[in-house]
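Let's take a walk through this structure, starting at the ligand and then moving on to a pocket.

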Amino acid sequence: MLSSIKGRLALWFFLIFSVIFSSFGLFLYHNLEKVLIGSVDGHLHSEVQLIAGLIRAEKAEHEAELSEAAVGEYGRPLSGHYYQLSAGDGTIIALSPSLSIVGTSLPIPKTSKIPQYSSVIGPDKGPMRLLIQTFDLPSGELTIQAGESLEETNFLLKRFKKIIALILPAYFFISITGLIFITRLSLKRIDLFANKIETITEKSLGERVDEISLEKELKPLAASFNTMMGHIEESFEKQRRFLADASHDLKTPQSIIKSYCDVTLSKARSGDEYIEALDTIRQNVEKMTGLTNRILKVSELDSDALIFHREDLNLAEIAAKAIKTMEAKASRNNISLKISGDSKLMLNGDKARLTEMFSNLIDNAVKYNKHNGSIDIKLSHQDNEAVVSVKDSGIGISSEKINMIFDRFYRTDESRGVTEGSGLGLSIVKAIIERHGGRIEVKSEPGKGSSFIVYLPAS
Ligand code: ADP
């Protein structure tokens with residue numbers, strides 16, 4: 001029961017309403033009791049004052065005179081209203097007819113100038129409210145006791161209790177039934193929502209839950225679900241495109257190898273011809289191996305399971321190492337390679353991956369540069385970041401293409417004409433930077449060159 005929202009709501013409702021209803025019932029009962037007892041006390045006080053006034057004014061000392069003079073119920077026998085007058089020495093001076101008729105009297109009390117109210121057992125063995133007050137009269141001390149049976153008050157209170165005991169559970173029952181009904185109705189919408197989600201498969205990732213027709217409370221849930229579906233769809237689409245592009249790029253060297261084999265094997269060839277064919281085959285196998293390695297690297301970087309071996313590193317040393325591997329290629333095109341800036345720039349990162357990042361950026365700066373061009377690598381420290389910029393004087397990238405160069409397999413038309421490539425280098429660079437908690441920016445001017453600026457959290 002507690003695992004369902006309906007059950008939990010009903011239980012909470014039951015607990016809260018039980019506490020509220022019982023407190024409310026108790027509050028009403030106590031206040032009614034207070035009002036009723038207060039009213040009895042008021043009667044008793046008036047009666048005592050009336051009797052004291054009579055005695056003072058008329059010096060009435062006989063029961064008959066008093067019972068005639070005392071108004072209303074107090075003058076009648078068996079009315080449940082009593083009074084008794086006693087002198088300072090304890091002698092009873094007068095009794096109400098309700099006491100004298102049954103030949104009983106009230107116990108002689110201690111004298112008290114202040115009115116003393118109490119609930120006691122009356123002469124009829126029932127509950128009674130009693131007021132005792134002593135007056136100083138010219139004839140001496142006079143203690144007046146006035147009592148009133150609480151039978152009627154108790155009867156009223158009992159009735160009230162019964163009414164409360166009937167009304168509150170009925171009200172509670174009606175409310176809880178209503179609550180269960182409303183909860184069921186509201187949760188039905190969640191069931192419909194769940195049914196809709198169940199119909200979405202990998203073939204219908206474009207489907208969305210209709211947020212507008214849902215209740216206000218379910219709208220944020222539907223919006224989050226739709227956003228999540230958007231991300232999943234995008235990631236599925238990226239994977240599909242990645243697979244298609246990878247197969248397409250692997251097909252070209254495969255076709256070249258196949259046609260070389262077919263042509264070479266179609267008849268007997270000279271030794272030189274075999275060497276040329278095998279050389280072409282080797283070049284294309286190398287191309288395929290390079291591409292396969294890059295594809296593997298991209299999917300490796302995509303996986304959360306990939307472990308980065310982090311250590312404190314000097315970024316200038318890593319850059320210098322990467323430059324060394326590129327020097328021969330750069331000098332073939334007469335491109336100058338220069339490194340400047342903070343030679344003690346420290347960073348906590350994965351040495352192999354950061355070297356790969358530098359190599360890819362410098363490789364591009366060489367590949368897309370002009371003959372006699374230049375490459376400037378600058379290392380600096382900005383706030384808490386290590387900043388590395390790789391600037392070249394190459395072909396540049398037009399502004400509308402800048403946002404696409406980090407997409408997998410993307411190559412600009414200009415670069416296709418310049419050199420071969422896989423279109424995976426920059427997506428590897430970006431993934432490495434992001435896994436180090438950094439970011440990359442590009443500034444470029446077609447025909448003048450590009451700057452790739454890397455920001456990494458410094459040690
Ligand atoms: P690849 O260099 O193998 O084609 P990359 O992912 O490294 O793949 O780069 C993607 C594309 O971005 C390149 O094909 C090229 O069009 C463009 N590009 C990258 N670096 C530069 C650069 N330094 N100058 C001009 N264009 C660049």
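Predicted model: local features only at pLDDT ≥ 70, side-chain atom pairs only at ≥ 80, totals over all residues.

Residues are numbered from 1 along each chain as its sequence is written, and side-chain values use heavy atoms, with hydrogens and water left out.

Start with the ligand. Around it are 19 residues, and Tyr 368, Arg 411, Thr 412, Ser 415 and Leu 426 come nearest (near here is a heavy atom within 4 Å). The shell splits into seven nonpolar, nine polar and three charged residues (Ala, Val, Leu, Ile, Met, Phe, Trp, Tyr, Cys and Pro count as nonpolar, Asp, Glu, Lys and Arg as charged, and the others, Gly among them, as polar). At least two shell residues each come from helix 8 (351-367), helix 11 (425-435) and strand 12 (449-457) (DSSP runs numbered from the N terminus: helices are H or I, at least four residues, and strands E, at least two).

Now look at the ligand's oxygen atoms. A polar side-chain atom of Tyr 368 lies 2.7 Å from one, and a backbone N or O atom of Leu 426 is also 2.7 Å from a ligand oxygen. For Gly 423, a backbone N or O atom lies 3.1 Å from an oxygen of the ligand.

Then there's the largest pocket, where helix 6 gives the largest share of the lining, eight residues. That lining divides into seven nonpolar, nine polar and 14 charged residues.

Definitions and conventions:
Polar contact = N/O pair within 3.5 Å; in protein donor to acceptor, adjacent residues only side chain to side chain.
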